[in-house]
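User: I'd like to learn how to read a fold like this one, feature by feature. Can you walk me through it?

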Amino acid sequence: MLPSVSRCTRHITVSLSVTRSLAHFRPHMDPDPNRPIERTIRTKLTDKFKPDHLEVHNESYMHAVPPGSETHFRVLVVSSQFVGLPLIQRHRLVNEVLKEELSSCVHALAIQAKAPEQWAMDPTLGKSPPCMGGSKGDPTVEEKLKAGRD
């Protein structure tokens, strides 16, 4: 298991290109060494579920967080381990695998957990809505979001 807690508290100073729309993300299973939290999420989900397909998208750029943050994620996990399980149980399994990250550095996690047959019938990844969080009253939000897009 990766020591993700120490990675969560580390300040990331590398400017990452996180401003692409969801459609431009690479749906790959190989971890990006420049994104330690994303790498940890990929590794844990791969180890636990042996997925047929896995996508981990860092959606932090859509929120009022500093550029390069790893706090908001959307995951798509397609695994035969989900066959016959209700959606709530699938989500619980994913949450359990990532409980350390969810209790420390990951603020939000959107989950799509599908069995292979479901994925074959509908191979799409949902799109996240725009951020409507508590930062709406922060007068510097526009500035922070603009910095994240540059």
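Analyst: The protein chain has six helices and three strands, where helices (H or I, at least four residues) and strands (E, at least two) are DSSP runs numbered from the N terminus. Along the sequence the pattern reads α-α-β-β-α-α-β-α-α. This is a predicted model, so local features need pLDDT of at least 70 and side-chain atom pairs count only at pLDDT 80 or more, while totals for chains, interfaces and linings use all residues. Residues are numbered from 1 along each chain as its sequence is written, and side-chain values use heavy atoms, leaving out hydrogens and water.

User: In what order do the three strands sit in the sheet?

Analyst: Strands pair if DSSP finds at least two bridges between them. Here they make an open sheet in the order E1-E2-E3, with mixed pairing. E1 and E3 are the edge strands with a single partner each, so one side of each has no neighbour in the sheet. On average, neighbouring strands are turned by 10° against each other, direction ignored; axes are lines fitted to C-alpha atoms, for helices over the stretch in contact, and angles run from 0 to 180 degrees between N-to-C directions.

User: What packs on that sheet?

Analyst: Helix H3 (residues 87-97) does, touching E2 and E3, and its direction makes about 125° with that of E3. Touching is a matter of contact, meaning heavy atoms within 4.5 Å.

User: Which sense does each strand pair take, parallel or antiparallel?

Analyst: E1 (residues 53-58) runs antiparallel to E2 over six bridges; for instance, histidine 53 has valine 78 of E2 as its bridge partner. E2 and E3 (residues 108-114) are parallel, over seven bridges. There, histidine 72 is bridged to alanine 108, and phenylalanine 73 to leucine 109.

User: How do I read the side chains on a strand, and is E2 buried or exposed?

Analyst: In a regular strand, side chains alternate between the two faces of the sheet. On E2, His72, Arg74, Leu76 and Val78 point one way and Phe73, Val75 and Val77 the other, and all are buried. Buried means under 20% relative accessible area, exposed over 50%, and partly exposed in between (1.4 Å probe, protein chains only). Seven of the seven residues of E2 (residues 72-78) are buried, so the strand is largely enclosed by the rest of the structure.

User: Where does valine 65 lie, and what is it in contact with?

Analyst: Valine 65 lies in the loop between E1 and E2. It is buried, with a relative accessible area of 15%. Leaving aside neighbours within four places in sequence, valine 65 is in contact with Ser60, Thr71 and His72. For the chain as a whole, buried residues make up 42% of the 150 residues.

User: Where is the pLDDT below 50?

Analyst: pLDDT is the predictor's confidence in each residue, from 0 to 100. The chain averages 77, and 65% of the residues score at least 70. Among the elements, H3 has the highest mean (98) and helix H1 (residues 4-9) the lowest (46). Over residues 1-7 the pLDDT is below 50, and over residues 9-30 it stays under 50 as well. Where pLDDT is low, the predicted coordinates should not be read in detail.
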